[in-house]
Amino acid sequence: MRGYLIRRLLGMAVVIFLVLTIAFIIVRLAPGDPAALMLGPEATAEDAAELRRQLGLDRPIIVQYLAFMGNAVRGDLGTSIFFRQPVTEVLLGRAEPTVFLSLFSLIIALIIAVPIGIYVAYRRGSFLDQAAISTAMLAASVPSFWTGLMLQRYLATDLGWFPASGYGGPDALFWERMRHLLLPSIVLGIVNSALILRFTRTSMLDILGEDFIRTARSKGMGEMRVLLRHALKNAAIPIITVIGLTFALLVSGAVVTERVFNIPGMGNLVVSAVLRRDYPVIQGTLIVVASLYVLINLLTDLAYLLVDKRVRY
Amino acid sequence: MAGAPASPIEVRFLDLLFSRRAVLVALVFLSVIVVLCACAPWVARGDPDQMNVRARLTEPGAEYWLGADAFGRDVASRLLYAGRVSLGVGLGVAALSSLVGIAIGLCAGFFRRLDAPLSRLVDAMMAFPDILLAIALVSIMGGSAINVIIALSIVYAPRIARVVRASTLVIRELPFVEAATALGVTTPSIMVRHVLPNILSPIIVQATFIFAYAMLAEAGLSFLGVGIDPSTPTWGTMVNEGRQYLDQAMFLILLPGLAISISVLALQLIGDGLRDALDPRLARDL
């Protein structure tokens, strides 16, 4: 177990090292002088040169790379050109809506997908099964921004069931802020439920064909108990895997959904950063999100240990 | 000249592919969309950029079959021309990411020394959510259709590379590869002439799905205003332009949204069908 953990942590460190390197390269490929961008069109060449010296941009690229890596390891992701604040502070300031949006939509996706996935696997080949698979495929084919705009129009504007957009204003209470996340979470939840439903169904189908299920049934165990106590418990590993995989989908979805509903989260921030050419913010977001993805995948691997006693590392 | 009769393998492949009615329907839908968009200059009723202020936000009707947008431009014409870009980007990404992914995957699977570094690189690339990495790359390269194709190919090539590497690892150990090596066939020749043809099935399946994902991603980028230059109509740009008129002219976002959804759904169904037909062992009950 300890050996496995050390190997996984080392592997994770290598991947994060590569993530940082890729993020460094991407931003260094950006056209234009970052110092001139920071100072704006009014700045003189001397001002730009002075700022370049202060930022260390006049040093050889390898020195810049080493300094960047050293800073990143210490949690310093540079300074935002637009906000003139450390990127980590800017990102933290925008983290709340994105974190809750992702969390709520994951919960909604699980509530929709897991029971339906289990049930249609049990009723394999039925009309309901076919309908569920087709609906899941359709949900995965419709752009999330389009679903968002449609639901915004009908459920928020026409019926008034949800706030149409925003995050409740600067002084909004926590509950009010969360209320504004409900509809965006439903949109993202629907989009992400497609993958989880397909995975749950396939995992359950595999498990339902196993000998121990036949044994449980032959002992006269009730169908509900077979499904929930035996089948679901064993199908948990693939379901946990897909929850880990959904993280990337959630973030991609959040970028677009935050824009549709005008939520001031990290997704909206990164799109604005592109329009403002605020490369340190783009770079910082890439690093934070990719590192979280790597970490979540490690955690899902470790979660196997908790749910399945057969797994030994 | 009479054509050669189809081999039993070809017949079996087509039988398997079309055994699901949904695949056939998807192929028909996609073919119609592709042909209509490819023939846009002949099929479209007018110039997609021709403005007519008096026709602004006209509902679908006799004069404008699918209505007119906020500048009085014919939505039907714009949909057809936009489809050329959206489908073109999807196809371009599927082709380019396959080429790059095959090169990386073959090297990782064939050369043991390259396996670990290339696999870790692929892991690192796949840690970035697709839209986020694409946004960063397009922001640096600029928003032309070619740059969006390159950016999305960088995003999706690792998926192909992973599939190719896994398949190459299996094929590499088979006796015919050993025989080719013993006969003195060069390594590049073994990779391209002996290994590659045997791993085409999973590549084709994956490329079909990437075609679909790339169309969705391109639409997302265009919708966010960070993709292809807004002066070039794409289905995503059309939704973005139409969202301001959501209350007055729903059709402005309904139609391009449907075009994206139908194309992506058709591609996913075809991808599923191809997977089942090309490699029945992989066919999952999905």
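Two residues are taken to be in contact when their C-beta atoms, placed from the backbone, lie within 7 Å. This is a predicted model, in which local features need pLDDT of at least 70, side-chain atom pairs count only at pLDDT 80 or more, and totals for chains, interfaces and linings use all residues. Residues are numbered from 1 along each chain as its sequence is written, while chains are lettered from A and ligands numbered from 1 in the order in which they are written.

Begin with both chains displayed. The contact draws 39 residues from chain A and 36 residues from chain B. On the chain B side, select α5 (112-126), α6 (130-141), α10 (200-224) and α12 (251-278), each of which supplies at least two residues. Here helices (H or I, at least four residues) and strands (E, at least two) are DSSP runs, numbered from the N terminus. Colour α6(B) separately: nine residues, the largest share of this side, come from that helix. By type, the chain B side divides into 24 nonpolar (Ala, Val, Leu, Ile, Met, Phe, Trp, Tyr, Cys and Pro), seven charged (Asp, Glu, Lys and Arg) and five polar residues (the others, Gly among them).

Chain B has twelve helices and zero strands, and its C-alpha atoms fill a box of roughly 75 × 50 × 40 Å along the principal axes. Of its 286 residues, 47% are buried, that is, with 20 or more other C-beta atoms, placed from the backbone, within 10 Å of their own.

Finally, select residues 175-182 of chain B, helix α8, where the count of buried residues among eight is zero. Just after α8(B), select G184(B), which takes a positive phi of about 90°.

Key
A residue is buried if 20 or more other C-beta atoms lie within 10 Å of its own, exposed if 12 or fewer, and partly exposed in between; C-beta atoms are placed from the backbone.
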